[in-house]
Amino acid sequence: MTMEAKFRFRLALVLVAAFSALAGSNSNQDLQIINAERRIDLTSHIVKVYLTLQVENTGESPASEVLLAFAPVQAECLSLVKAQVATGKRKKPHHPIDVKPVEVPNAPNGAKLFSISLLKPLNPAETVTLEVLYILTHTLKPFPAEISQSESQLVYFHDTALILSPYHIKKQTTFIKTPTKRIESFTVVDPSNHANNEIKYGPYDSRPPYSFSPVVVHLENNNPFSVVEELVREIEISHWGSLQITEHYTLVHAGARHKGVFSRVEYQSRQAFAGSYSFKNLLARLPPRVHSVYYRDEIGNISSSRLRTSPQKSELELEPRYPLFGGWKATFIIGYGLPLEDFLFESLDGTRYLNFTFGCPFTDTVVDKLIIKVILPEGSQDPHAITPFPVEERRETSYSYLDIVGRTVVVLEKKNVVPEMNTAFQVYYKFNPLFQLAEPLMLVFVFFLGFMACVTYLNTDLSIRKQ
Amino acid sequence: MAQSVKPVTSPVPIAWYPTLAVIMLAIGLTVTASFFIYEATASRKSRSLFKELTTGAVASVFLGFGSLFLLLACGVYV
């Protein structure tokens, strides 16, 4: 409890600081939010927040952007922010809108702001409904931080009952969905209630900009906290008809640390109670028509995996060598081949491009550091990558079979990747088809050199005696 | 979109790789054998350099492509 008290005290300090900063720099906001609804989904270790904002322009001039505010602690865990204008009809295609971080020097207490640029400016007295989805990772903190095998995992979730926003919010409600009915405690901010596996905060009326009220929810979450600390994906293109993918994983259970001894007998006999927070299998969704799949580690092949293929998708279910408890790690390698024609295309001007899925194929898994290496065939020129999100990009050279100058490698690096980022990215490059003959001609040349050596040897007279 | 881009495929269908490897290596080895038979039977005086070179070139073309297809058929995509 002392920890919680300390935390509250710190939050109170933050609050005071926030308001004092706000008093000095209240920017003239011409927008206000009529109605805000926030649904926080805590059923997995990846926290998804669905925010519906009804924004009204109360100013004189049209507004082209809407700002979202995040507390600095949350901004660090923020993985993805997506926004779209609600059209009302489900059938209508939604147009995603650009969301990018903005630097506002006078934001109270370092609140991080994100700007949603509207497709068409919002005229005075008009309203627009925005649907925002943002995903937070590593926000659920296990408490107690160490548990034994038979205990259930409890986590803390810190947030604010009032939506942090640079605008005046007329009415707002927050729903928090928990994985089970078991909720140890939650901060009461009237009106708030708890029914089944949902906590409701609100509705709250008329709150000034940047107002917030910290809440702590202590809940049970036994879902697998599967985190890949580092994932290196190598995608090797061969113009002879194959795409070879090798993925190096460092998997960790990021939940409450395991305390005491691990009893295999107890784990096997009473799975429902003993080790309910551990996980022993993972599901990877691979592209269809996958072939030559392997799953191994430093020791050798791991036989506990199953592959199910269908024309639409392939599913690889694999078990690490041991069940993973909190803090336990497993390293392994997955490799597979894919037909080239499904992923490599040539545009009219002769530029070739690879169209492949970004992210990790595992479901419900966070990747702390993702490195994608696209190994282009030898002789490729001017490579450039087009990704749906900003990534770090650099070049390397790798050597493989029958290489002389080495293959160009496009390295893409991204931190904090969630399954929602599994969208397509492209790598464009130029390639002269004649270069494809380099490899066979090299082999032909080597054989020919051998024959020439024979001919030279047999035609040379090495004898000393004159004939 | 569908008209402007076309998928890139291998120049030779993948299913032909094992057959091609066997046929080309067989031809290549036969020509190699004839090369060495010629080298061993013809005397130094009667040998023609042109015939030696052409036989060697033909054999190396078949052996070169044959070994490439052998690599590809084995799953070593170069």
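**Close-up views of a predicted two-chain model**

View 1. The UniProt annotation "transmembrane region", from an unreviewed entry, covers residues 14-38 and 50-73 of chain B. UniProt positions follow the numbering used here, feature names are shortened, and annotations may be inferred rather than shown by experiment. The model is predicted: local features need pLDDT of at least 70, side-chain atom pairs count only at pLDDT 80 or more, and totals for chains, interfaces and linings use all residues. Residues are numbered from 1 along each chain as its sequence is written, chains are lettered from A and ligands numbered from 1 in the order in which they are written, and side-chain values use heavy atoms, with hydrogens and water left out. Residues 14-38 of chain B are 88% helix and 0% strand, with end C-alpha atoms 36 Å apart. Residues 50-73 of chain B are 100% helix and 0% strand, and their end C-alpha atoms lie 34 Å apart. Helices (H or I, at least four residues) and strands (E, at least two) are DSSP runs, numbered from the N terminus.

View 2. S10(B) sits in the loop between β1 (6-7) and α1 (17-41) of chain B. Its relative accessible area is 12%, so S10(B) is buried (buried means under 20% relative accessible area, exposed over 50%, partly exposed in between; 1.4 Å probe, protein chains only). The S10(B) side chain reaches the backbone oxygen of V12(B) at 2.8 Å. Leaving out residues up to four places away in sequence, S10(B) touches H239(A), W240(A), G241(A) and Y17(B). Contact here means heavy atoms within 4.5 Å.

**View 3. The cavity.** The count comes to one cavity of 30 Å³ or more. A cavity is a set of points, on a 1 Å grid over the protein atoms alone, where a 1.4 Å probe fits but cannot get out; lining residues have an atom within 4 Å of a point. The largest cavity holds about 140 Å³ of space. Grid points are joined across faces, edges and corners, and the volume is the space filled by probe spheres set on the points. Its lining has 18 residues, and L51(A), A69(A), Y134(A), I163(A) and L164(A) lie nearest the centre. On chain A, β1 (31-41), β2 (47-57), β3 (63-70) and β11 (154-160) each give two or more residues to this lining. β3(A) gives the most, with four residues. By type, the lining divides into 13 nonpolar, three polar and two charged residues. Ala, Val, Leu, Ile, Met, Phe, Trp, Tyr, Cys and Pro count as nonpolar, Asp, Glu, Lys and Arg as charged, and the others, Gly among them, as polar.

**View 4. T137(A) and N416(A).** T137(A) is in the loop between β8 (127-136) and β9 (141-142) of chain A. T137(A) counts as buried because its relative accessibility is 0%. A 2.6 Å polar contact joins its side chain to that of N416(A). A polar contact is a pair of N or O atoms within 3.5 Å; within protein, one must be able to donate a hydrogen and the other to accept it, and residues adjacent in sequence count only if both atoms are side-chain atoms. Not counting residues up to four places away in sequence, T137(A) touches C77(A), S79(A), V366(A), N416(A) and V418(A).

**View 5. Two cis peptide bonds in chain A.** The bond from F143(A) to P144(A) is cis, with omega near 5 degrees. P144(A) lies in the loop between β9 and β10 (146-147) of chain A. A cis bond also joins D190(A) and P191(A), with omega about -5 degrees. P191(A) is in the loop between β13 (183-186) and β14 of chain A.

**View 6. Strand β14 of chain A.** A195(A) belongs to strand β14 (residues 192-195) of chain A. A195(A) has a relative accessible area of 48%, so it is partly exposed. A195(A) and K181(A) are 14 residues apart in sequence, and their C-alpha atoms are 8.3 Å apart in space.

View 7. Y210(A), a residue other than glycine, has a positive phi near 55 degrees. Y210(A) lies in the loop between β15 (198-207) and β16 (214-220) of chain A. With 10% relative accessibility, Y210(A) counts as buried. D382(A) is not a glycine either, and its phi is positive at about 45 degrees. D382(A) is found in strand β28 (residues 381-386) of chain A.

Definitions and conventions
On a 1 Å grid over the protein atoms alone, a cavity is a set of points where a 1.4 Å probe fits but cannot get out, and a pocket is an open set with protein on both sides within 12 Å along at least five of seven lines; lining residues have an atom within 4 Å of a point.
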